[in-house]
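Work through the exercises below with the model open. Try each task before reading its solution.

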Amino acid sequence: MNKQDLERWATGLLARIPTHSKILYPSYLSAQLARKEEVYASPALPSAFDGYKIAYASDIHYGPYLGRDRVLDLVERLIALDADLLLLGGDYGAHTTDAIPFFDLLPPMSFPDGILAAVGNHDLAGTSEEIARLFDAMRAKGVRPLVNESHAIHRGGALLQVCSVDDIRNGAPDYAKAAEHLVPDGFLLFAPHSPDVIPPLRESRAFVPHLTICGHTHGGQVTVFGRSLHSSSRYRDRYLSGWKHEDGMDILISNGVGTSMLPVRWGAKAQYHRITLKRGRTASAHTQSGLGV
């Protein structure tokens with residue numbers, strides 16, 4: 001048995017661990033999903049976008065550990081958020097070849113300002129042909145991948161800009177290219193897959209986002225006393241989970257929906273978000289409520 005066959009065998013075996021019983025609590029917790037209601041207030045937000053709602057989900061990892069029923073359940077939850085925009089944070093499958101059927105599986109979804117998506121390291125793990133098929137599958141479901149580019153949303157003469165860069169692990173982030181069409185006086189939301197792009201972005205000085213939303217870390221997936229046993233970030237727990245404020249940047253890091261490597265969670269519950277933007281006198285961010293479902 002070669003290494004690849006051994007990995008498949010081990011993954012298949014782990015995927016059989018039941019997630020419905022609290023006796024196996026880490027496995028049970030891996031299949032639970034919490035809705036997080038976030039509020040972000042900033043004086044830079046145009047009045048036309050006061051109360052603007054964003055649905056956000058990242059790190060779904062469709063594949064052996066997260067199947068069809070959980071994908072469809074997630075879609076229902078996202079639609080029920082009644083948001084203006086859906087943002088997807090990357091890592092849709094355990095591999096590119098899992099991410100393609102993930103998008104094939106998605107039923108039609110309609111959001112007033114559409115669906116924008118980052119791409120993650122697992123999405124870019126395949127061949128160039130597989131990655132091209134993934135992008136085709138995304139666009140076929142009305143999902144616009146943002147790779148070193150931006151998207152403008154207009155409302156009442158005001159502008160909300162969303163930009164993202166390529167994945168830092170398996171792609172080639174180009175901050176200057178992502179900034180090419182940004183308007184200086186528009187509110188800027190940066191939505192990459194991984195928070196590891198933040199320090200290089202600051203060094204590039206290509207743009208300064210008002211708000212950054214990302215995933216990738218899984219909240220550590222397994223944490224003890226707030227520290228991860230294994231980190232997927234080159235910066236370890238610097239960008240572990242939740243709200244961070246760093247060098248004038250407000251950052252929200254999601255724990256994500258699925259799991260990687262092992263179908264377990266501990267101290268880092270899976271989550272998806274509704275983020276409400278508010279025009280405020282001073283920048284602030286907080287979790288209004290977390291609803292376990």
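Contact here means heavy atoms within 4.5 Å. The model is predicted: local features need pLDDT of at least 70, side-chain atom pairs count only at pLDDT 80 or more, and totals for chains, interfaces and linings use all residues. Residues are numbered from 1 along each chain as its sequence is written, and side-chain values use heavy atoms, with hydrogens and water left out.

**Exercise 1.** Find the residues that F103 touches, leaving out those up to four places away in sequence. Then place F103 in its core.

*Solution.* 
Step 1. F103 touches L88, Y92, L134, A137, M138, K141 and V143.
Step 2. Recall what a nonpolar core is: a set of buried Ala, Val, Leu, Ile, Met, Phe, Trp, Tyr and Cys residues joined through side-chain atoms within 4.5 Å. Buried means under 20% relative accessible area, exposed over 50%, and partly exposed in between (1.4 Å probe, protein chains only).
Step 3. The largest nonpolar core has 35 residues. F103 is among those with the most contacts inside it, as are L78, L86, L88, Y92, F102 and M138.
Step 4. Elements that each supply at least two residues of this core include α3 (68-80), α4 (96-105) and α5 (128-140). Helices (H or I, at least four residues) and strands (E, at least two) are DSSP runs, numbered from the N terminus.
Step 5. α5 gives the most, with five residues.
Step 6. A second, separate core has 22 residues, including F49, I54, A191 and L277.

**Exercise 2.** Is H218 buried or exposed? Find its side-chain polar contact with Q221.

*Solution.* 
Step 1. H218 lies in the loop between β9 (211-214) and β10 (223-224).
Step 2. H218 is buried, because its relative accessibility is 4%.
Step 3. The side chains of H218 and Q221 make a polar contact of 2.8 Å. Such a contact is a pair of N or O atoms within 3.5 Å; within protein, one must be able to donate a hydrogen and the other to accept it, and residues adjacent in sequence count only if both atoms are side-chain atoms.
Step 4. Beyond four places in sequence, H218 touches residues including D59, H61, S254 and R265.
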